[in-house]
There are 2 protein chains.
Amino acid sequence: MSKVNLKKLASELGVSISTVSKALKDSYEIGQDTKKKVLEKAKELGYKANPYARYMRYQKSSTIAIVIPEMTNSFFLQVINGAESIAREKDYHLLIYITHEDAQKEIDILNHLQNGRVDGIMMSLSCTTTDYSHLHACINSNIPIVFFDRICHEIETVKIITDDFASGFAATEHLIQSGCKDIAYLSISGNLSIDNKRMQGYLEALDKHNIKQDKRRIIKCTNDDKSNYKKIKTLLTGSKKPDGIFASIEKLALTTYSVSKDLEIKIPAKLKVICFSNLATADFLNPPMTTITQPANEMGAAAASQLFKYLDKKGTEIKNENIVIKSALTVRGSTL
Amino acid sequence: MSKVNLKKLASELGVSISTVSKALKDSYEIGQDTKKKVLEKAKELGYKANPYARYMRYQKSSTIAIVIPEMTNSFFLQVINGAESIAREKDYHLLIYITHEDAQKEIDILNHLQNGRVDGIMMSLSCTTTDYSHLHACINSNIPIVFFDRICHEIETVKIITDDFASGFAATEHLIQSGCKDIAYLSISGNLSIDNKRMQGYLEALDKHNIKQDKRRIIKCTNDDKSNYKKIKTLLTGSKKPDGIFASIEKLALTTYSVSKDLEIKIPAKLKVICFSNLATADFLNPPMTTITQPANEMGAAAASQLFKYLDKKGTEIKNENIVIKSALTVRGSTL
DNA sequence: TTTATTTACGAAAACGTAGTAGTATTTATT
DNA sequence: AATAAATACTACTACGTTTTCGTAAATAAA
């Protein structure tokens, strides 16, 4: 089954490659009869223009990359879903890369992407990334990056975020209004903008309600589930136990559920839990979990759209802009 | 920031393009001094070989596609995760396409992929696909397809599946042994091999335990959540209610949870529920859900590996083979 | 009839890479 | 000293597509 290309079509029809190419593009240079013959033959043999050869002409891959830190967070799934929809619509192709929260992998991936494989990148930082030179390198190679959620302030570009500070504030205030006096904050990484902002919201809410801030109530978790389990267990078995937990990300809340289950700590009676999460099953958990739901699909779609907006009119400088799409607090059983 | 290619390097160094190319490939034809100079310059300017130009030479894109029906099923996430790991390892790139269970979208996507954009495809069928000519077309264009989970029997290729029949049998038998006398099966689509096999397992288990098969106990669900909700609600409000439900896929079990919650049907007291699922939160649901967990990560990795095995030694005919990776039954609260 | 214009096509170059073939220059062999 | 062989490089081509430019033939205008 030899490949069907312009040359093949041309030789089958006894015309030149140029003629075939132009006929397929409905060029005025080609006569009606010839056009018809070419079109028919192309259909018959199932001709499809080779995308890589096209790239050679246009220097445009019609491909973008999405780089995400992990696949176990339902937020990212929805982002991919949103991004894929827009990409399909625009006839772009979407490459997926997972850093597994590993800065080195992120660097390797970004370095690989500097060779023109993609026209642009949408990404969310790994929580272990502290140096941003691989990102600058991409920008310098003229490959635009649009960030979503876990953004990099250092890079001047479009960033799709949610109202992390306000949501962190609202989440904490909700716990306070639900009767919590001693709220712990589960941080995932001091490197992440979102984590810091959510924590700022948390701290500000404490201040507003005259609850003393306590550094020991800020638990620095990591990407290691077992270590997180231990930290949360320590927190919940200490002499002075918190009565509320605000988890910065979904999996820390689930670990909290796990610890509570094992220690037989009743949620919400003894401990109220709230977290940022896009879990489809939040409603069916025991107890149903109060969440701040990020507009993940919209964020993915927005990131892709913004990227395409720039790619469509290449040459225009991408502007440094934060696009905020608000999250929503859904009160469920874990804070009642 | 003009692009760094071989030509640029050559002109900067005052040597020919061939020399640069060969030096970078550590060819014996190039002297040590020249090699060193080229390597240094390449590093300095951040030269990265253009993948599309490479494609033109080798007719190999180093890219594969994964085509999945939806993103809301945790099974597929884990498959992507497994596939991406293997792809990274092999220095392949992974394009992602979502059919949203829409046969037409699947056809469009597969048609797009016949132009050489990818070296191979791994996919799981949409549940609305009934005609397979788009798949045959890909095979005819010499683009190998490896199926996972939702396979197409018609295509002779490698298929990664789990032991659906045995698992369906085991799930049903587990319900029976937990005391169920009247078990309903929630089907997602008669088009799907997995659904049929799971149902066969269900039916055979009923036979073995002398429970009469009843067509009305096989609920044909669709991709529409609302309609599924209604069907399950009807099932659970009828004069003769089942005491067990075996959901063929995750989301039907969640809809069952939803209906049960709304109707205040106690699980597992009044209704036992089991399903195929890879939910990370199965343990924390109310009640924790008994699941048959598919080795999703392994299946994704296996599918990618098999595809690469074939791509590595192109020309060898891909053989028609079923690779079975067993699922595991995890008993939790919903069947106690 | 001669010249201008339109129509319909083909030749060739370019995109970036890599390999084949060719060629000076140096070094080794007889 | 004459020839063979090794070394170190360059020119050129192909991959598939698109487009610019060139041109022959047909038609229109003078």
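**Figure 1. Two copies, one turn: chain B laid on chain A.** A turn of 180° and a shift of 0.0 Å along the axis place chain B on chain A with an RMSD of 0.1 Å, where copies are superposed by least squares on the C-alpha atoms of residues with pLDDT of at least 70 in both. The two copies are thus related as by a two-fold rotation axis. Of the interface residues of chain B, 100% are also interface residues in chain A, so the copies meet through the same surface (contact means heavy atoms within 4.5 Å). This is a predicted model, in which local features need pLDDT of at least 70 and side-chain atom pairs count only at pLDDT 80 or more, while totals for chains, interfaces and linings use all residues. Residues are numbered from 1 along each chain as its sequence is written, chains are lettered from A and ligands numbered from 1 in the order in which they are written, and side-chain values use heavy atoms, leaving out hydrogens and water.

**Figure 2. The residues around DNA strand C.** Among the 29 residues here, A:Thr19, A:Lys22, A:Glu29, A:Thr34 and B:Tyr47 come nearest (near: a heavy atom within 4 Å).

**Figure 3. Polar contacts with DNA strand C.** Look for pairs of N or O atoms within 3.5 Å. A polar side-chain atom of B:Lys22 is 2.9 Å from a base oxygen, and a polar backbone atom of A:Met56 is 3.1 Å from a base oxygen. At B:Asn50, a polar backbone atom lies 3.2 Å from a phosphate oxygen.

Key. A polar contact is a pair of N or O atoms within 3.5 Å; within protein, one must be able to donate a hydrogen and the other to accept it, and residues adjacent in sequence count only if both atoms are side-chain atoms.
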